[in-house]
Structures are given as structure tokens and as C-alpha cells.
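I am starting a notebook on this structure and want to record what I looked up, entry by entry. The sequence and the model come next.

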Amino acid sequence: MADPRFFPAAGPTRLADIAGAAGASFEGDPDRLFTGVGPLQAAGPDDVSFLDNRRYAGLLAETRAGAVILAGAFAGQVPAGTVALVTPQPYLGFARAARLLHPPPAPVPGIHPTAVVAADAVVGEGTEIGPHAVIGAGARIGRGCILGAQVTVGPAVEIGDHCRLLPHSSVSHAILGEGVVLHPGARIGQEGFGFAPTPDGRFETMPQLGRVILGDFVEVGANACVDRGSQGDTVLGPGTRLDNLVQIGHNVRTGRGCVVVGQAGIAGSTVLEDYVTVAAQAGLTGHLRIGAQARIGAQAGVMNDVPAKTDVIGSPSMPVREFWRAMAKLKALGGGRGGEGKAG
Amino acid sequence: MADPRFFPAAGPTRLADIAGAAGASFEGDPDRLFTGVGPLQAAGPDDVSFLDNRRYAGLLAETRAGAVILAGAFAGQVPAGTVALVTPQPYLGFARAARLLHPPPAPVPGIHPTAVVAADAVVGEGTEIGPHAVIGAGARIGRGCILGAQVTVGPAVEIGDHCRLLPHSSVSHAILGEGVVLHPGARIGQEGFGFAPTPDGRFETMPQLGRVILGDFVEVGANACVDRGSQGDTVLGPGTRLDNLVQIGHNVRTGRGCVVVGQAGIAGSTVLEDYVTVAAQAGLTGHLRIGAQARIGAQAGVMNDVPAKTDVIGSPSMPVREFWRAMAKLKALGGGRGGEGKAG
Amino acid sequence: MADPRFFPAAGPTRLADIAGAAGASFEGDPDRLFTGVGPLQAAGPDDVSFLDNRRYAGLLAETRAGAVILAGAFAGQVPAGTVALVTPQPYLGFARAARLLHPPPAPVPGIHPTAVVAADAVVGEGTEIGPHAVIGAGARIGRGCILGAQVTVGPAVEIGDHCRLLPHSSVSHAILGEGVVLHPGARIGQEGFGFAPTPDGRFETMPQLGRVILGDFVEVGANACVDRGSQGDTVLGPGTRLDNLVQIGHNVRTGRGCVVVGQAGIAGSTVLEDYVTVAAQAGLTGHLRIGAQARIGAQAGVMNDVPAKTDVIGSPSMPVREFWRAMAKLKALGGGRGGEGKAG
């Protein structure tokens, strides 16, 4: 399934090992070997597939996959010859099985001769520094990291162990935890957008004297931007994930496990508590507090605090139910049915 | 008109050759020479101009342009001494004439000494590789390409003939057709945004094991992002054009000649059939099908399939007519006229 | 307060000098020394703080800051031992004091040995060119500039004195004034989005033969894009500031001191007169004129000209008051109160 030029395979792997990785139980030969993964429609006898969405359960009867990771309720529907790998979390189980069969590239330790690494920078054991990378004075890079081609790490930046900085990403004025991933072109630690108007109509930059702190396992998407704090720091809590082209203003703070989807933006000093989700293209103004597990809908425009466990949508945002009722009325206005006609 | 430091001219060019390029008919001296192009208000006797929008027809009487590419209906309005170059497609004709008079830079074949090209990479005849470019193991670059400064091409990537990768663009896990253009900072082939929550509140990355396939003559704008497939590929059909800062999620597929304007985003697995237009800042959720020649309006939020040849706008999106009726009612509500007052 | 690894301090500085920079009057010992800056809650006796927003006036009584820059009305509220630095513009005053205590890095003159600088490029006195930077043929860089790592400057580009091009920014086909700042990954001068459909269903690129002109002290945010003109130039007037991920289409022109906030986009040929503000994620279609000091709200969608000194918001945009009235009605529709129910 996966193109072997881009995704080298681990080689034949025992069913028992796959089930172990996936946290799944099964009946059958633990020594049966598998070599890859694939979707139900395309997987063959040597591949592992999965069923997570009951919408696709109908595909089970026809699949040629050698094994399928799925919930117990569907185990009876796999064809003869296909192993049911049963787990309450099939999507997570498949992620782990896929990683076992197609492990991500390991670092090739060493510093490419074209990289420019400051004399007093510290590079941890087993770390790979790619071509044309630039590491500034006093920077400290952890162990087992991969810094891709063209990556720039500014002076005094600290990067934890097992981080991956993909090509063209750049970071300054920042401290990164363990296992952080910066996707291509991600920008971390640049000046925030702050300035004071002068009496003669110019703008004077407010010095941006804070940092960016990225917790363990934070991921920042391609061409996304995280500005450093103005005073104090911009902080992304452990496990927070930003998708591509997201904008994070100075002094934003997120809790643990927040998710910000593509092209969304969060203005300065707004706080997201744990496990907040911000959907694509949403925008949050500055100085807000978004409660834990709140969910901000796609394209929402949020100008007020949002309580914990609350879903909002719309621009300006409102609770989800209210929004859909209002939209139904609005559509009725447009369609000439309902709305004022009905009212009168 | 065009600054010669940035846009070298081909030199004096015969009217007959310009008309040939433009697909235009004319009356006059086929050997008259022209050296540049310019807008109607600024062009001089040695310049070629054009009229495409009838709104600007009033400028014809005053133009000093030596020749004007226009539709037959306006040919009678050019001043004496100005040649009317008549074609049913003046804008296309002008594009071709301008390209004749100001040809784009040709590749300067060779690999810059600071570029890092893997020993087993294949670089086609007549291709230019710029300073500090990085070409990974097993990559194959076609003939007559230009790869600008700082470009990164990942291992095993295939690039067709006559492609242009502008400075700072990066591509991995991808196969590019002929004549593909990546504008500065475009990101192709990075991991999509996919992960599974774990029982203890972390996220585990779903391995992204697909590729990006860019058809012939696809163009990707500055700092735009095209994620690779999760399983299976992300595919942009021949001639599809993305503007700057566009986001394309994993497993999106577009047909032939789709256009996605600045800052729009398309979420994972959505399919655009041929010649779909997505206007600026619009957003499409995942797993949708947008029919051929549908047009998605600026800032639209599309959450449902759109039939072929249908125009939608609004967030959430609705058919264009319905939207404008609803907006008129909404404005009336805001203005205190119409709306509930009128209804009551 | 500021992490000294990232923000070196100027060293102990006299109160009189700080007051001079801030344009503030004070009572007390002009020779008292200060070493840093900080917010009211965190500043200590050697730090300068400020109060700009009356909402935070309550913090004054408890602050341990050695001096506070504030308006005269609040001078009586500072604790004993804290110096009141009085000015009508505390925010501007603080920007200047902070810059005195933490001066931005000065250029380290010279060209890094890994930079590729064309033989006929001109680099001004006192300018720093970083690792792996690329300067094209005939480019002219002014005095006292800093060009960071991986920066690309295209052929014939002109850059004024005291500009800062942060790492990974790129510029082509452009002329930059004095004191221009390009933040990391900013893209200046690439082709605009223009093409003509052909009769057989392809697109042909319209040659983009204009330039980008950036006035003195223009700033362009991280990963923001400014396309060059199609014919004629794209022009950003003196002091105009673009935030991160902003998109500026070909032939846009702004006046003096315009502000475009994160992820906003302005389509081709639109004109902003002096001191226009475009808030985050707003979009303006092409060929509009936005009058001086107009303010476009966050996420607005502007499709018509806006008169001077007018505030608009909404998509499609409308005057601010009208919008909020309409939204109140819309919310009432959603909430089942007001709207049609009330009307009937």
C-alpha cells in the first residue's frame, strides 16, 4: 500500500507483535506474518486494516485484508481468513500497528558538513543536523533529535530530547520540551505584533521581551506561527497540536492537549484551558479565557470568554444550538419561507 | 513600462509576431517594432496594451499605446496611429504577447557549488539548481527545471520537466508532473493532521503513509500547504492553481483546472471535481464532494456536498440567491427597516 | 524579568535617562539606577513598569516596581518608594524605556563565509549578512542592515539603510525603503495570481511585470505574503505594518501607517488610504477604495468601497452599529426570544 520509496517497511512482523502494539486480542496463529497496512478496500492478505467508523462496516464483508483492527461488535463480520484484532480503540490501535510496520525515520546521528553550528552550542548524543541548518550561539539541542535541511535555531534556544524540526522551520527565543515537532516552515519565537502610535503619526515597536515555551510533545503545523511573549511568555501546554497556517499571538497560553485546526488564529494573551479544540479558520480576540474542553467551531469569531465544556460557533460566536436555530431562521428568510412572512 | 532590471525585454519585436502570439488580426505594417507592454493610460508608441473590461473602454480614445489587443467591437475606437489587434480573447492574447516581449527567465543549466545533491539523485539536462538547495537521496528532477535558492527536495521525490520551484519551497513524499510551479515557501508533502487520543489523555500521531501527486502545470502559491495523504494520496489535477496561504488537507483530490484563491482551506478527503473555484478565505470541511464547475464564494463555510455548476456562499453556505435575500433581510433588521417591524 | 540569555540588558541606567527616553517627568533622585522592565505584578525595585489601561489601576497599590510610567491622573496612587514617571502617552513612553534598557541586537558587520553574494551586489557599510543567505546579481543592500540566516534577496532588489530581514524571509522584484523589517518567512515580490483561460480549458499565466515598493519603516509579519504588481507596482506606504500570515494581492496600494492584522487578506488592486486598520482574518475583494482612517472589523468580508473614518464589520460587511443591531436580532431568533415571535 504505502509507497516503499517514501515509507520503508519494518519487514515481516508477527501477528502477536502487531496485536500487542495495537492492544488487541485475536484468535489465530500468532506467528502469521504481515508486511503493511491499507484501507479496507485496498488491503491484501499481508496487510493490516482497521474499521473505526460504523459507516464503513459494510466494507468488512468484501475486504481481502489479512487482519482488521476493530471493536468487538464487528468482530463477527470479518470474512473467513481475515483475523479480527479486537480493541475498544481501533483508531489508536491502528496508529500503533501502522507505526510498528512503517516506523518513522530514525535520526542518522551527525552534523552535516554544510550546517553552521556555533562553537558553544551543545548538540545531544544521537542527534542529526541536516544540510544548511544553522544553530546559534549557546543553543542546546537534546538527544536523538532530527533537525532537517535549512532549519534555523536562534541563539540560546533550548530543545529537548527526541524533537523533530522539519526542513525550513525556524525557532528563536524559545524553550522546547521533549518530543516537540515543528513541521516545515513553522515559525516560533518571532516578535509579536505590538507598537505604540507616536504623536507625529508613526508607530514605535514595543520591545517583545518574552519567550515561547513549548511543552512536551507539542506539534506545530507547516507555516504556522507562534509569536514570543511581549512581557512574560507564550506557552503551549504539553501535547497541544497546531495545524498548518495557524497564528498564535504573543502571551497566549494553552493548557494540556489543546487542538487548533488549520488557519485558525488566537490573538494576544488569550488563555485556553486543558483540551480546548479550536476548529479551522476560527478566530479568537485577545485577553479571553476559554474553559477546559470547550469547542470553538469552524470559522467562529470569539469575542467573549467561553465556559468549560461549551460548544460555540458563528461570527460573532454563540452557543451551538442557538446558532443553528438562528441559521434555520436566516435560511428561511432567504428562501422566502418562514421569517417575517410567517411572523406577520 | 516594466522595470528592465527585473524584467529583461526580448528586444524589438515585429507586429506580425506579436499578433501571431496573441492570435489577433490587424491592419498595418507587419514589420513595425514593439519593445514592451503597458496599461492603456501609461503605454507609449513602442508598447502593446490591451482592453478586456468594457468599463475601461473610455481610456481607448486617449491612449498613446502603439497597439491595443481588444475585441472586434472596440476596434473602431483606437486613435489614429494605434494598431487594433483584434481577438475574441484579449486577456489571453495579451498574456501571450507580454510573454513574447518579456520572456520569463530561462534556466541557467548547472548545479550551484553550495547545493547539496545526493549522489544517487538524478538531475535532468538543462536544469538549474540554485544556491543552498538540498536534493535528497534517489530524487529525480526532470529537464529544463529551475530550482531556486534554499529549495529542499526530499528523498525519492519525482519532479517532471520544466518545473519551477521558487526559493524556500519544500517538497517531500510527492510526485510532480510537468511544468509544475511552487511559489516561494510553498510546502508540499508534509504530514497531515491526524492523531488518536489515548486513554490517558495524550494524542498519538496516525502515521501519514500517502503521497502528494501534482498533475501537469499545477501551481501552488507562496506559503501554501499541501499535506500528503494518510493512506492513499492527496491529488491535485492538471492545471489546478492554488493561491498564497491556501491549506489542502490530507487525501483531498481535485479534478482538472480547479482554482483555490488566497487563504482558503480544504479539509481532509474532500473531492473537487473539474473546474471548481474556491474563492478567498473560504473553508470546506472534510469528506465532501464538490461538483464540476461549482463556485464557492469568498469566506464561505461549506459543510455539505455541492452539486455541479452551483454557486454557494455564506457560513454556513447556501445557494447564492438565497444568501443575498437573507442578507437583505438581515441588513433590514439591523437598519430598523423591514424585518420584525415590517412583519408586525 | 526578561530572560538575559535572549535579551541582553544595557546595564544599570539612570532614572533621568529613562525619563528622558520616555518623555516623562518625575520627582526623585535622577541618579537612581534601573536594570530592567516588567509588568506591575512582577516588577521589582530595579525595574521600570507601566500603567496604560485603567482596568489595571488597582495593581498600582501593590506593585514593587521601582518606577511606573503612567498618566498624571494615576501618579498619586503609586506606593512610597516607587517613582511615578508621568507622561500623557505611557504605552509609547514604556516602549522607549524598554528599548533603552534592552536595546535590540545591533548588526555585527560582515558577510558570513557561507553566504552567497553576487559579485556585483553592493552591501552597505556596517551591514551583517547571515549564514546561508543568498544575494542576487546587482542587488543593493543599504548600511547597518541585518540579513539573517537563510535570507534570499533576488537580483536587482534594492534595500534601504537599517533594514532587518529575519531568517527565512525572501524578497524579489522589490525596492525597500529605510528601516523595513521582514519577519521570518515573509515573502515579498513573488508572482501575483493572474491567468487567462484558454479555449481548450487550460490556464495561461499573465506575466506579472510589476514590482513591490515598501516605504520606510514598513514591517511584514512572519509567513505573510506581498505579491508584486501585474503591471505597475504593489505599494505599501511608509510605516504600514502587516501581521503574520497576511496576504496582499498584486497592485494593492496602502497609504501611510496602515495596519493589517493576522491572517487578513487584501485582493488585487484595492487601495487603502492613510491609517486604515484591517483587523484579523478580514478579507477585502479587489479594486476597492478604503478611505482614510476607516476600520475594518475582524473576519469582515468587504465587497464595496468604505468611506473615510468609517467602521465596518460582518461578512458581507456593514456599518458597525447596523451589524450589532442585526446580530442582536439574529441571536434573538436563535434564542426563541424577540425576532419573529416578538413580531407576531
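This is a predicted model: local features need pLDDT of at least 70, side-chain atom pairs count only at pLDDT 80 or more; totals for chains, interfaces and linings use all residues.

**Terms and conventions.** Residues are numbered from 1 along each chain as its sequence is written, chains are lettered from A and ligands numbered from 1 in the order in which they are written, and side-chain values use heavy atoms, with hydrogens and water left out.

**Chain C against chain B.** With that rule I looked up the interface of chain C and chain B and found four salt bridges across it. One that I checked joins the side chains of Glu204(C) and Arg96(B), at 3.0 Å from N to O. I also counted 26 residue pairs in polar contact between chain C and chain B, both residues at pLDDT 80 or more; a polar contact is a pair of N or O atoms within 3.5 Å, where within protein one must be able to donate a hydrogen and the other to accept it, and residues adjacent in sequence count only if both atoms are side-chain atoms.

Which elements of chain C each supply at least two residues of the side that touches chain B? I listed β18 (174–176), β21 (195–197), β22 (203–205), α3 (320–335) and α4 (339–343) of chain C, where helices (H or I, at least four residues) and strands (E, at least two) are DSSP runs numbered from the N terminus. Of these, α3(C) gives the most to that side of chain C, with six residues. By class, the side of chain C that touches chain B has 32 nonpolar, 29 polar and twelve charged residues; Ala, Val, Leu, Ile, Met, Phe, Trp, Tyr, Cys and Pro count as nonpolar, Asp, Glu, Lys and Arg as charged, and the others, Gly among them, as polar.

The contact takes 73 residues from chain C and 61 residues from chain B, contact meaning heavy atoms within 4.5 Å. The area buried between chain C and chain B is about 5,000 Å², of which carbon and sulfur atoms give 61%, and buried area here is the accessible area (1.4 Å probe) that two parts lose on being put together, summed over both. In chain C, Phe193(C), Leu209(C) and Gln231(C) lose the most area to chain B, together 14% of what that side buries.

**Chain A against chain C.** Here I found 72 residues of chain A in contact with 61 residues of chain C, and about 5,000 Å² buried between chain A and chain C. The residues of chain A that lose the most area to chain C are Phe193(A), Leu209(A) and Gln231(A), together 14% of what that side buries. I counted four salt bridges between chain A and chain C, and I noted that Glu204(A) forms a salt bridge with Arg96(C), the closest N and O atoms being 3.0 Å apart.

**Other salt bridges.** Over all chains the structure holds 39 salt bridges. In one of them the side chains of Asp31(A) and Arg14(A) meet at 2.7 Å, N to O. Asp31(A) lies in the loop between α1 (15–22) and β2 (33–34) of chain A and Arg14(A) in strand β1 (residues 13–14), so the pair ties together parts that are 17 residues apart in sequence. Asp31(A) is partly exposed at 44% relative accessibility, and Arg14(A) is partly exposed with a relative accessible area of 31%; buried means under 20% relative accessible area, exposed over 50%, and partly exposed in between (1.4 Å probe, protein chains only).

I next looked up Arg211(C) and Asp3(B), whose side chains meet in a salt bridge at 2.9 Å, N to O. Asp3(B) is buried, with a relative accessible area of 10%.

**An annotated position.** UniProt, in an unreviewed entry, places the feature "active site" at His250(A); its positions are given in the numbering used here, feature names are shortened, and annotations may be inferred rather than shown by experiment. Is His250(A) buried or exposed? His250(A) is buried, with a relative accessible area of 17%, and is found in the loop between β28 (247–248) and β29 (253–254) of chain A. Not counting residues up to four places away in sequence, His250(A) touches several residues, including Phe193(A), Gln208(A), Asp227(A) and Ser269(A).
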